[in-house]
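Trainee: I would like to learn how to read a structure feature by feature. Could you take me through this one slowly, with the general idea before each case?

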Amino acid sequence: MPQREAQLRDWLGDCCGLDSFDLVPASGDASFRRYFRLSLAGGGTRIVMDAPPGREDCRPFVDVTGRLERAGVHVPHIHAQDLEQGFLLLEDLGDRLYLGELDRNSVQALYGDAISALLRIQSADSSGLAPYDRALLEREMALFSDWLLGTHLSLALSPAERGMLAETFERLVLSAREQPQVFVHRDYHSRNLLRCPGNNPGVIDYQDAVIGPVTYDLVSLLRDCYIEWPQQDVDAWLAGYIALAQEHGLIAAAAAARMPAWFDLMGVQRHLKAAGIFARLHHRDGKPGYLADIPRTLGYIVTVARRQTALADLADLIASRVLPQLEAA
């Protein structure tokens, strides 16, 4: 038995009082964290997080869990913790990811629950969280240039195209920074929401939370990189969210009028980032499965350009050069 697993089993027995259990891998992760599903001899399950010290730090997860739990968000309750060893014993929210549960019959109810939970997230205590500042926004968009255009496609840009990208990135940063700033989950989408019988949805993967633009998590949900909905549905959900956000005091009337444009531009920033990350997961981490999600992700940008004409040149680059080269690859 590997030493790390032996340490984990000793901790579960000595510190958590569990003397009879089974451990099986529960899910993969894009980091060094590992998750196991623990089945108790008397029935019931827990999730065990193994975050090796020196590679992962459990403290942000514990901190954000507490903030969200106090705000009424259904996050995994922490039953036991050892921050020095990097072990957490968590509530098991199940494995019914939204991605596998969403269809035309279920989407209205499931997204209604997700938007209600998002309002609670955005109202949570954000004091002391890192800001979603210019530097972070720019680093994220650089992933598109570095990993997708450069590493994956070996696409050489002209000076005019590089200048266009720089101007576009600046426009997106300014739009993000002028929005009301709230608690941001940062990955609020169908693979991080779980369908639960009570207090739906269960919410996971929030340890990188920041203070940032009010539209960020909403566009992650409604223009999901993994599942796409008709534009008229997205517009209706956005309008419903805007009304509720005003009721909750998250945005004022003047901000409400600007929300559709902010939403569009925030989506472009996120989708540039996501396309770059998907390419990086393939080349750096040996995970090619995400490459299939890049055309959908970039397709959102082409669609948004029909509403936001300042993005026409970016959309033309994607439609005329990037997507055809992706298909050829």
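Trainee: Which residues does isoleucine 211 touch, not counting residues up to four places away in sequence?

Mentor: Keep in mind that this is a predicted model, and that contact here means heavy atoms within 4.5 Å. Isoleucine 211 touches Ser126, Leu129, Ala130, Pro131 and Tyr132, and also Gln181, Val182 and Val184. As for its place, isoleucine 211 belongs to strand 9, which covers residues 210–213.

Trainee: Is isoleucine 211 buried, exposed or partly exposed, and what is its relative accessible area?

Mentor: Its relative accessible area is 22%, and because buried means under 20% and exposed over 50%, isoleucine 211 counts as partly exposed.

Trainee: How should I read the packing of two helices?

Mentor: In general, two packed helices are described by the angle between their axes and the distance between the axes. Take helix 10 (residues 294–304) and helix 11 (residues 312–328), whose axes come within 9 Å and cross at roughly 160°. Angles over 145 degrees count as roughly antiparallel, so that is how helix 10 runs relative to helix 11. The crossing of helix 10 with helix 11 is left-handed.

Trainee: Which residues make the contact between helix 10 and helix 11?

Mentor: Helix 10 contributes Ile294, Pro295, Leu298, Ile301 and Val302, while helix 11 contributes Leu314, Ala315, Ile318, Ala319, Val322, Leu323 and Leu326.

Trainee: At what angle do the axes of helix 6 and helix 11 cross?

Mentor: The axes of helix 6 (residues 159–178) and helix 11 cross at roughly 130° and come within 9 Å. Helix 6 and helix 11 are therefore oblique to each other, and their crossing is left-handed. The contact is formed by Glu161, Met164, Leu165 and Thr168 from helix 6, together with Asp313, Leu314, Leu317 and Arg321 from helix 11. In this contact of helix 6 with helix 11, four residues are nonpolar, one is polar and three are charged.

Trainee: What should I look for in the backbone itself?

Mentor: Most residues other than glycine have a negative phi, and most peptide bonds are trans. With that in mind, look at serine 154, which is not a glycine and yet has a positive phi of about 50°. Serine 154 sits in the loop between helix 5 (134–152) and helix 6, and it counts as exposed because its relative accessibility is 62%. Aspartate 205 also has a positive phi, of about 60°; it lies in the loop between strand 8 and strand 9 and, at 26% relative accessibility, counts as partly exposed.

Trainee: Where is there a cis peptide bond?

Mentor: The bond that joins asparagine 200 and proline 201 is cis, with omega about 0°. Proline 201 is placed in the loop between strand 7 (193–194) and strand 8 (202–203).

Trainee: How many helices and strands does the chain have, and what is its radius of gyration?

Mentor: The chain has eleven helices and nine strands. Its radius of gyration is 21 Å, which agrees with the value near 20 Å that a compact globule of 329 residues would have. Of those 329 residues, 50% count as buried.

Conventions: Residues are numbered from 1 along each chain as its sequence is written. This is a predicted model: local features need pLDDT of at least 70, side-chain atom pairs count only at pLDDT 80 or more; totals for chains, interfaces and linings use all residues. Side-chain values use heavy atoms; hydrogens and water are left out. Axes are lines fitted to C-alpha atoms, for helices over the stretch in contact, and angles run from 0 to 180 degrees between N-to-C directions. Helices (H or I, at least four residues) and strands (E, at least two) are DSSP runs, numbered from the N terminus. Angles under 35 degrees count as roughly parallel, over 145 as roughly antiparallel, 65 to 115 as roughly perpendicular and the rest as oblique. A crossing is left-handed if the near helix is turned anticlockwise from the far one by less than a right angle, and right-handed if clockwise. The radius of gyration is taken over C-alpha atoms; the globule rule is 2.2 Å times the number of residues to the power 0.38. Buried means under 20% relative accessible area, exposed over 50%, partly exposed in between (1.4 Å probe, protein chains only). Ala, Val, Leu, Ile, Met, Phe, Trp, Tyr, Cys and Pro count as nonpolar, Asp, Glu, Lys and Arg as charged, and the others, Gly among them, as polar.
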